[in-house]
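User: I am new to this structure. Please show me how to read its features step by step.

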Amino acid sequence: MHYIFSRRYTTSIIWMYNIALLQSDKCVNDMKGNTFTNLILCSAIFVSTTSFAAIPNFWSFDFQMGNSIYNLANSDGQVVELSCTEMAATDRDDSADNSFIVTTSDGNDYDSRDGDISIVIDDTVYQIPSFTAGFSVGSKWQMFYDALSHATNFTVYVQSKEIGKFQAPAKNVAKAFNGNKCLPQSDWEW
């Protein structure tokens, strides 16, 4: 279950695109009866499988099975994904933690749960914790999220090596995050 929530963004897009193609072909072939129900169903399948594609330099937001997922691609084909999992929490021992994943243009993934990801926002370095269940790391996560949810540009580092620069218009940032919270596990209500 943990893998489903942290699925690589690029793999997800390819998977959704292929499903959309298969479903649209099936829908076109099944439309011989040309019923209104078939039209609505096929439209819903196509839209739901293609609506999460990232436009460079614009945050996108999706809510899947209790997870708030934010994606931002840059013009170099790199993608960051912020996953807030509080609403999907079932119990203290088996619930997936929040994460920040960076996918490079060559398909390499770096996950904050594996450690050593930092971002720089407004000349301030934020070390992203690998887990958020403790008070100290929970505070670090909250400071990182608060800064990210207002940032119009930032730079991502993995093991102190620059991976990529990301930017988004202030209006898009405000709409995507819209006052949402991404609480660390240390603040979740069980």
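This is a predicted model: local features need pLDDT of at least 70, side-chain atom pairs count only at pLDDT 80 or more; totals for chains, interfaces and linings use all residues.

User: Let us start inside. Which residues have the most contacts inside the largest nonpolar core?

Analyst: The general idea comes first. In soluble globular proteins, nonpolar side chains tend to be buried together. Here, the largest nonpolar core has 29 residues. Those with the most contacts inside it are Trp 59, Leu 82, Phe 100, Ile 119, Phe 154 and Val 156. Helix α4, residues 135-148, gives the largest share of this core, with 5 residues.

User: Which residues of α4 are buried?

Analyst: In α4, the buried residues are Val 137, Gly 138, Trp 141, Gln 142, Phe 144, Tyr 145, Ala 147 and Leu 148.

User: What span should α4 have at 1.5 Å a residue?

Analyst: The 14 residues of α4 should span 20 Å. The end C-alpha atoms of α4 are 20 Å apart, which agrees.

User: Now helix α5. How do I read its buried and exposed residues?

Analyst: List the buried ones, then look down the axis. In α5, residues 170-177, Asn 172, Val 173, Ala 176 and Phe 177 are buried. Seen down the axis, these buried residues fall within an arc of 110°, so they line one face of the helix. Ala 170, Lys 171 and Lys 175 are exposed on the other side of α5.

User: How is a pair of aromatic rings described?

Analyst: By the distance of the centres and the angle of the planes. A search of the whole structure finds 8 aromatic pairs. Take Trp 59 and Phe 177. Their ring centres are 5.1 Å apart and their planes are at 75°, so the pair is edge-to-face. Planes over 60 degrees apart count as edge-to-face.

User: Where do Trp 59 and Phe 177 lie?

Analyst: Trp 59 is in the loop between α3 (36-50) and β1, while Phe 177 is in helix α5. The pair therefore ties together parts that are 118 residues apart in sequence. Trp 59 counts as buried at 6% relative accessibility. Phe 177 is buried too, with a relative accessible area of 2%.

User: What angle do the planes of Phe 100 and Phe 144 make?

Analyst: Their planes are at 85° and their centres 5.4 Å apart, so this pair is edge-to-face. Phe 100 lies in strand β4 (residues 99-103) and Phe 144 in helix α4, so the pair ties together parts 44 residues apart in sequence. Phe 100 is buried at 0% relative accessibility. Phe 144 is buried at 0% as well.

User: Which residues form one aromatic cluster?

Analyst: Trp 59, Phe 61, Tyr 70, Tyr 145, Phe 154, Phe 166 and Phe 177 do.

User: Now single residues. Is Asp 111 buried or exposed?

Analyst: Compare the relative accessible area with the cut-off: buried means under 20%. Asp 111 has 13%, so it is buried. Asp 111 sits in strand β5, residues 109-111. Its side chain makes a polar contact with the side chain of Arg 113, at 2.6 Å.

User: And what is Thr 155 in contact with?

Analyst: Leave aside its neighbours within four places in sequence. Thr 155 is then in contact with Ser 118, Ile 119, Val 120, Glu 162, Gly 164 and Lys 165. Thr 155 lies in strand β8, residues 153-158. Thr 155 is buried, with a relative accessible area of 12%.

Definitions and conventions
Residues are numbered from 1 along each chain as its sequence is written. Side-chain values use heavy atoms; hydrogens and water are left out. A nonpolar core is a set of buried Ala, Val, Leu, Ile, Met, Phe, Trp, Tyr and Cys residues joined through side-chain atoms within 4.5 Å. Buried means under 20% relative accessible area, exposed over 50%, partly exposed in between (1.4 Å probe, protein chains only). Helices (H or I, at least four residues) and strands (E, at least two) are DSSP runs, numbered from the N terminus. The arc is that of the directions from the helix axis to the C-beta atoms. Rings of Phe, Tyr and Trp (its six-membered ring) pair if their centres lie within 6.5 Å; planes under 30 degrees apart count as stacked, over 60 as edge-to-face and the rest as tilted. A polar contact is a pair of N or O atoms within 3.5 Å; within protein, one must be able to donate a hydrogen and the other to accept it, and residues adjacent in sequence count only if both atoms are side-chain atoms. The expected span of a helix is 1.5 Å times one less than its number of residues. Contact means heavy atoms within 4.5 Å.
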